[in-house]
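Student: Hi! Could you help me learn how to read a structure like this one?
Tutor: Gladly. Let's look at it together and take one feature at a time.

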Amino acid sequence: MTAVATPAAAGATASVRRPGRGRLGGAGKGRGPKVPLRPSQRRNRRRTVLSALAFLSPWIIGFLVFTAWPIGYSLYLSLTDYDIINAPTFVGLENYVRLAGDPNVQLALGNTVVFTLLQVPLYVTLSFALALLLDKAGRSMGFFRTAFFLPRMTPPVAVGVLVLLLLNGQDGLLNTALGWFGIDGPNWTTDSAWIKPGLVLMSLWTVGGSVLILLAALRGVPRELLDAAKMDGAGFFRRTWHVTMPMVSGPLFFLVVVNTIDGLQTFTEAYTAYFGSTGGYGNDAALFYAIYLFQQAFQFFNMGYASALAWLLFLVVLAITGVQLLVSRRVVYYEADR
Amino acid sequence: MRSHTVRSHPVRSHPVRSRPVRLTTLLVVGAVALAGCAQGRGGGEAAAEASYDSGAEVDGPLEVLGFGLNDEVAEVRAARAEEELSGVDVQLVEGGLDPQRFLTAVASGDAPDLIYTTRAQVGSFASRGAIAPLTRCIEGEDIDMSAYVQTAVDQVTLDGDVYAIPEFNVVQVLAANPQLLEQAGVTTAQVDGSDWEGVLTATDALATAAGPDAIGYDSKLPDFFPLWARSNGAGLLSEDGRTAQLDDPKAVEALELAVEVLERQGGFGDVSALRDASDFFGADNQFAAGTLGAFPIEQWYINVLNDVSPDAPVTFDTFKDRQGQTIAFAGGGSWAVPTGSSNPEAACRYAKTMTEVDSWMAAAEARQQAREEEGKPFTGLLTGNTEADAAIRELVADTDEPWQSGIEATYEANDNTFALPANPADAEFTEAWQDAVNRVLNGQETPAESLARAQEEAQAALDSAWETWDASGGEPSVQPAPSASADR
């Protein structure tokens with residue numbers, strides 16, 4: 001009984017050490033004494049709390065209604081057979097069992113992982129390279145910054161249409177350019193082996209946002225470190241590898257994580273190009289996980305199964321992000337932690 | 001003991017902490033309850049209880065989803081329907097029907113009163129109880145279903161009940177470049193589907209004549225696979241809509257031929273790249289540019305060519321089966337009354353008015369006048385109503401070639417259509433055969449392997465959907481979701 005630390009006892013101890021905290025009531029554990037508040041103080045505090053809640057309430061309600069509730073409900077739906085219009089019928093783990101044996105799930109997951117493995121390193125590397133170039137641009141930086149960011153404003157659906165035009169095997173811009181060098185380009189939009197590389201190339205279209213993030217990070221790299229390395233005879237590449245990259249490893253890691261999650265959820269461009277309105281033509285090589293999920297949910301109205309698919313994707317993303325976070329402890333340098 | 005005394009009065013010790021907690025709890029509960037209310041409610045029973053009577057006045061609001069006033073044919077009929085339903089406040093929600101939006105609206109008890117949907121979706125909607133059978137609507141409004149194109153009616157009939165009133169018919173005809181045909185020494189009989197040896201011979205000759213940056217003969221896979229299968233006497237689905245027939249050897253043979261046509265021209269990748277690179281709807285289309293020998297195509301493309309490239313070298317004929325009989329795969333729209341419609345009587349009257357002969361005649365006259373003003377020929381309308389088709393055909397004047405051939409081919413095709421019957425798994429069935437064709441086009445599987453796999457997938461979907469349908473006694477009803485209020 002005596003081992004139980006009571007709030008009063010804890011407060012009494014704290015009051016000796018930090019008497020000033022008592023003015024605010026010291027309600028928190030170990031934060032101060034339990035000094036009874038005067039009625040006016042209580043009213044003030046109540047008003048403060050109510051005001052805070054009033055300001056927070058749009059977010060709280062929005063979060064609960066539009067995020068927490070749908071997430072929870074989708075978990076419930078994943079255990080049901082539900083076609084939108086009729087009431088969900090509880091089927092236990094049937095959807096998850098089906099999912100485990102569905103060859104299209106394996107195909108879509110494989111496609112998605114391959115796409116992400118191709119896309120993320122290229123995307124981040126190109127972003128970093130462009131940011132390094134832009135960092136040297138001097139007075140024209142503003143122009144290039146805008147120019148790089150502009151494609152980011154293009155709607156993803158338009159990019160999906162551009163895939164078919166720019167990557168057309170007959171007279172697409174890419175194959176035309178390859179033709180100048182005597183290279184007979186592939187049918188990017190129909191040859192299964194080239195569909196994912198084609199989509200990866202098109203995804204680089206929107207690299208501008210990441211460039212701006214890295215550019216901001218590069219501006220924060222201490223010049224004295226770079227100057228010192230230069231004085232020691234380090235060339236541009238060694239300075240970049242040994243000084244710049246460690247100093248911007250935080251933002252680089254952020255981009256890796258965010259783009260990995262984005263890659264695992266890739267949908268719009270591939271759906272528009274291959275599954276939207278192309279006269280029934282589709283290609284298994286472009287069947288990404290989110291597309292298969294969408295088909296099950298909104299073409300076949302298997303909402304229960306689609307919810308189970310969504311939860312599997314969530315777990316995959318969670319696992320991959322977890323691994324990335326573990327790895328980051330060894331390779332990412334956060335100056336603020338030092 | 002002292003500690004117990006304090007802990008037993010937490011409220012007194014922390015009076016101001018409990019209120020925010022309570023307030024937050026209230027917010028949470030309120031928000032969750034609000035979200036719970038967002039779940040679906042069952043649809044109403046208005047459609048089932050409606051008293052349809054062609055002589056009765058109808059009134060009230062009528063929300064129509066999925067129909068757009070895109071041209072004079074739509075505008076004239078819509079105006080006529082509004083005039084006929086003068087006491088009704090018609091609200092057109094324009095744009096194509098989004099199935100998810102529609103089903104969600106029905107589930108939430110906020111269904112539109114009438115929808116315009118492709119006939120291919122009627123089976124799925126009906127099997128889910130989203131649209132009501134129109135038996136009483138048809139009887140009460142004296143709608144003569146025998147006047148409609150039979151294949152169109154079959155597409156909207158599930159298990160013996162009509163679920164929608166069909167309108168428009170989309171059919172396929174053969175379009176060819178006579179200059180390239182002549183240059184290649186090929187006749188239209190070799191490319192109209194009746195002579196498969198001729199098709200392959202013509203493909204080689206046309207590909208040579210057209211050159212490397214052109215398509216000699218386009219079999220229009222994957223979307224025209226049902227046409228090629230039918231050309232070989234194969235139906236992809238049994239007449240009762242319950243049995244998939246995708247692995248029928250005749251269907252396999254048809255897919256082999258249609259793929260071979262593409263393979264002889266460099267494969268699907270090359271042909272598809274040329275298709276995508278073409279200016280299909282523009283003045284520099286494949287006929288105007290001389291980059292296509294021949295292909296089967298929907299009849300509306302005749303008007304496109306006439307509009308954008310009236311002097312392009314083109315000729316038209318019907319597509320035929322191997323016995324030389326004209327065939328065409330029918331598609332089109334239809335009007336259906338949602339289960340939760342709050343004004344089914346007006347919805348039924350509106351659907352009837354939009355598809356009756358007088359409305360079509362008024363629309364055809366408007367179209368004819370518009371074409372005359374543009375100095376272009378009126379090529380007719382395929383309405384899905386045989387009486388209207390016959391009357392409009394009378395309106396169509398003889399015109400110059402090649403458009404005269406186009407008109408004749410269109411009407412002949414319209415008289416020789418086939419269609420897949422309505423079934424409760426139409427989306428899954430369509431996906432199965434399209435995926436099968438795509439796997440072959442992408443070089444993943446042979447036609448026999450791919451169609452065998454599709455057969456299994458399609459039959460599984462059909463069995464599951466029909467099992468649910470049969471279990472409901474063929475009368476599915478919208479079931480309220482768990483949290484639905486009992487006020488409906």
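Tutor: Keep in mind that this is a predicted model, and begin with confidence. The mean pLDDT of chain A is 85, with 88% of its residues at 70 or more.

Student: Where in chain A does pLDDT stay under 50?

Tutor: The general idea comes before the case: where pLDDT is low, the predicted coordinates should not be read in detail. Here, residues 1-29 of chain A stay under 50, and the model gives them 34 contacts beyond four places in sequence.

Student: Got it. How many helices and strands does chain A have?

Tutor: Chain A has 15 helices and 2 strands. Of its 338 residues, 42% are buried. Among contacts in chain A with a separation of 6 or more, 63% join residues 24 or more positions apart. The chain exposes about 18,400 Å², and carbon and sulfur atoms supply 67% of that area.

Student: Now the aromatic rings, please. What describes a pair of them?

Tutor: A pair of aromatic rings is described by the distance of the centres and the angle of the planes. Over all chains, this structure holds 32 aromatic pairs. One of them joins Phe267(A) and Tyr271(A): the centres are 5.0 Å apart and the planes are 15 degrees apart, which makes the pair stacked.

Student: Are Phe267(A) and Tyr271(A) buried or exposed?

Tutor: Phe267(A) has a relative accessible area of 21%, so it is partly exposed. Tyr271(A), at 17%, counts as buried, because the cut-off for buried is under 20%.

Student: And what kind of pair do Phe280(B) and Phe281(B) form?

Tutor: Their centres are also 5.0 Å apart, but the planes stand at 80 degrees, so this pair is edge-to-face. Phe281(B) is exposed, at 53% relative accessibility. Ring pairs also link Phe280(B) and Phe281(B) with Phe287(B), Phe295(B), Trp300(B) and Tyr301(B) in a cluster.

Student: What about charge? Which side chain of opposite charge is nearest to Lys220(B)?

Tutor: That is Asp223(B), 5.0 Å away; Lys220(B) is buried and has no salt bridge, since a salt bridge needs the atoms within 4 Å. Lys220(B) sits in the loop between strand E8 and helix H13 of chain B. Beyond its neighbours within four places in sequence, Lys220(B) contacts Arg275(B), Phe295(B), Pro296(B) and Ile297(B).

Methods. Residues numbered from 1 in each chain as written. Chains lettered and ligands numbered in written order. Heavy atoms only, no water. pLDDT = per-residue confidence, 0-100. Contact = heavy atoms within 4.5 Å. Helix = DSSP H or I, 4+ residues; strand = E, 2+ residues; numbered from the N terminus. Buried < 20%, exposed > 50% of the residue type's maximum accessible area, 1.4 Å probe, protein only. Lys, Arg positive; Asp, Glu negative; His and termini not counted. Areas by Shrake-Rupley, 256 points an atom, 1.4 Å probe, with all protein chains shown as cover. Phe/Tyr/Trp six-rings, centres within 6.5 Å; stacked < 30°, edge-to-face > 60°.
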